[in-house]
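Hello,

Here is the structure for your files. My notes on it follow below.

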Amino acid sequence: MASGSHDKSLLTARRLLEETSPAEAEQLPSLPSGFYDAFVLKGIRVVQALPPGTLLCHFTVPSRLLNSGGFLHGGATASLVDLVASAAFTTAGLRTRGSPLEMNISYLDAAFADEEIDIEAKVLRAGKAVGVAVVELKKKSGKIIAQARYSKYLGAASSKL
């Protein structure tokens, strides 16, 4: 990927994930909108937009996203999967006009308050209407917290990877 194209993908991902406030989230056509999305995303940092459709983020787990057991809530994990995968489609030059079609998440370990985790999303396939991605949340030790397979409606005007 050319340097200019790589820089644009990284800038797009940062705009979608790092700089989202509730008011701004409603104006972004490529990601789900609303207060909850901005609430979940606060604190996410986009590290790399690698080859088209691959995105790496760092996230420090805030106490506001913990469940009653004191670890990252499964619903918050699902929201992170949805939002980071959507941003990965966008960095590949794809529009994500619709809702997720399917999410299959395997919860393998817990993440606790103030723990820094990595979230990596990779687009596996993008057709005319549907895209499929995988998302992995990992501890800094490399231990996997959650693995997800994610499919999303892209809209009829999408291009292929």
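The protein chain has four helices and six strands, where helices (H or I, at least four residues) and strands (E, at least two) are DSSP runs numbered from the N terminus. From the N terminus, the order is α-α-α-β-β-α-β-β-β-β. This is a predicted model, in which local features need pLDDT of at least 70 and side-chain atom pairs pLDDT 80 or more, while totals for chains, interfaces and linings use all residues. Residues are numbered from 1 along each chain as its sequence is written, and side-chain values use heavy atoms, without hydrogens and water.

Of the 161 residues in the protein chain, 46% are buried (under 20% relative accessible area, with a 1.4 Å probe and protein chains only).

The largest nonpolar core has 41 residues; such a core is a set of buried Ala, Val, Leu, Ile, Met, Phe, Trp, Tyr and Cys residues joined through side-chain atoms within 4.5 Å. Leu17, Ile44, Leu55, Ile117, Ile119 and Leu137 touch the most other members. Elements giving two or more residues to this core include helix 1 (3-17), strand 2 (54-60) and helix 4 (74-91). Helix 4 gives the most, ten residues. Leaving out residues up to four places away in sequence, Leu55 touches residues including Leu17, Val84 and Ile119 (contact means heavy atoms within 4.5 Å).

Lys139 is in strand 5. Lys139 counts as buried because its relative accessibility is 13%. Its side chain reaches the backbone oxygen of Ala110 at 2.8 Å. Beyond neighbours within four places in sequence, Lys139 is in contact with Asp109, Ala110, Phe112, Glu115 and Ile145.

Regards

How values were computed: Buried means under 20% relative accessible area, exposed over 50%, partly exposed in between (1.4 Å probe, protein chains only). A polar contact is a pair of N or O atoms within 3.5 Å; within protein, one must be able to donate a hydrogen and the other to accept it, and residues adjacent in sequence count only if both atoms are side-chain atoms.
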